[in-house]
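Please have a look at the sequence and the model on the screen, and then I will walk through a few places in it.

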Amino acid sequence: LALEPASSAARICHGDTVMDKSLPVLGYGEVWQRGGFTCTSEQAGVTCFNAHGRGFSLARAKQEVF
């Protein structure tokens, strides 16, 4: 999934994974904010959105783009 500052999220097909074990993990109930983006982590999944309220939710059962 990709999310830009002023547009809706989009599903993208990419054959590589970005993973850096030195970066912190967003624990359940925590919120991350930077540069107009907000992500919240809950046991049900992760939701991220931009300053325009557009974004995505990601869970084991499904993905949603809004």
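Predicted model: local features only at pLDDT ≥ 70, side-chain atom pairs only at ≥ 80, totals over all residues.

**A walk through the model**

If we set aside the neighbours within four places in sequence, Ser 57 is in contact with Val 46, Thr 47, Lys 62, Gln 63, Glu 64 and Phe 66. This residue sits in strand β4, which covers residues 55-58. Is Ser 57 buried or exposed? Its relative accessible area is 17%, and because the cut-off for buried is under 20%, Ser 57 counts as buried.

The mean pLDDT of the protein is 90, and 94% of its residues reach 70 or more. Confidence is lowest in strand β5, residues 63-65, with a mean of 94, while it is highest in β3, at 97.

Let me move on to the loop between β4 and β5, where we find Ala 59. With a relative accessible area of 28%, Ala 59 is partly exposed, and beyond its neighbours within four places in sequence it is in contact with Ala 44 and Gly 45. From Ala 59 to Lys 21, C-alpha to C-alpha, the separation is 21 Å in space, and the two are 38 residues apart in sequence.

How much volume does the largest pocket have? The value is about 430 Å³, and the elements giving two or more residues to its lining are β2 (37-42), β3 (45-49) and β4. Sorted by class, the lining holds 10 nonpolar, 1 polar and 1 charged residues. Among the lining residues are Leu 1, Trp 32, Val 46, Phe 56 and Glu 30.

Glu 30 deserves a moment of its own. Glu 30 lies in the segment before β1, and at a relative accessible area of 40% it is partly exposed. Apart from neighbours within four places in sequence, its contacts are Val 25, Cys 39, Thr 40 and Ser 41.

Which residues form the largest nonpolar core? There are 6 of them, namely Leu 3, Ala 9, Phe 37, Cys 39, Cys 48 and Phe 56. In soluble globular proteins, nonpolar side chains tend to be buried together. If we take Leu 3 as our way in, and do not count residues up to four places away in sequence, Leu 3 touches several residues, including Ala 9, Phe 37, Cys 48 and Phe 56.

Finally, let us look at Ala 2, which lies in the segment before β1, itself made of residues 31-34. Its relative accessibility is 26%, so Ala 2 counts as partly exposed. Not counting residues up to four places away in sequence, Ala 2 touches Ser 8, Ala 9, Ala 10 and Ile 12. Ala 2 and Val 65 are 63 residues apart along the chain, and yet their C-alpha atoms are separated by 9.9 Å.

Note on methods. Residues numbered from 1 in each chain as written. Heavy atoms only, no water. Helix = DSSP H or I, 4+ residues; strand = E, 2+ residues; numbered from the N terminus. Buried < 20%, exposed > 50% of the residue type's maximum accessible area, 1.4 Å probe, protein only. Contact = heavy atoms within 4.5 Å. 1 Å grid on protein atoms, 1.4 Å probe; cavity = no way out; pocket = protein on both sides within 12 Å on 5 of 7 lines; lining within 4 Å. Points joined across faces, edges and corners; volume = space filled by probe spheres on them. Nonpolar A, V, L, I, M, F, W, Y, C, P; charged D, E, K, R; others polar. Core = buried A, V, L, I, M, F, W, Y, C linked by side-chain atoms within 4.5 Å. pLDDT = per-residue confidence, 0-100.
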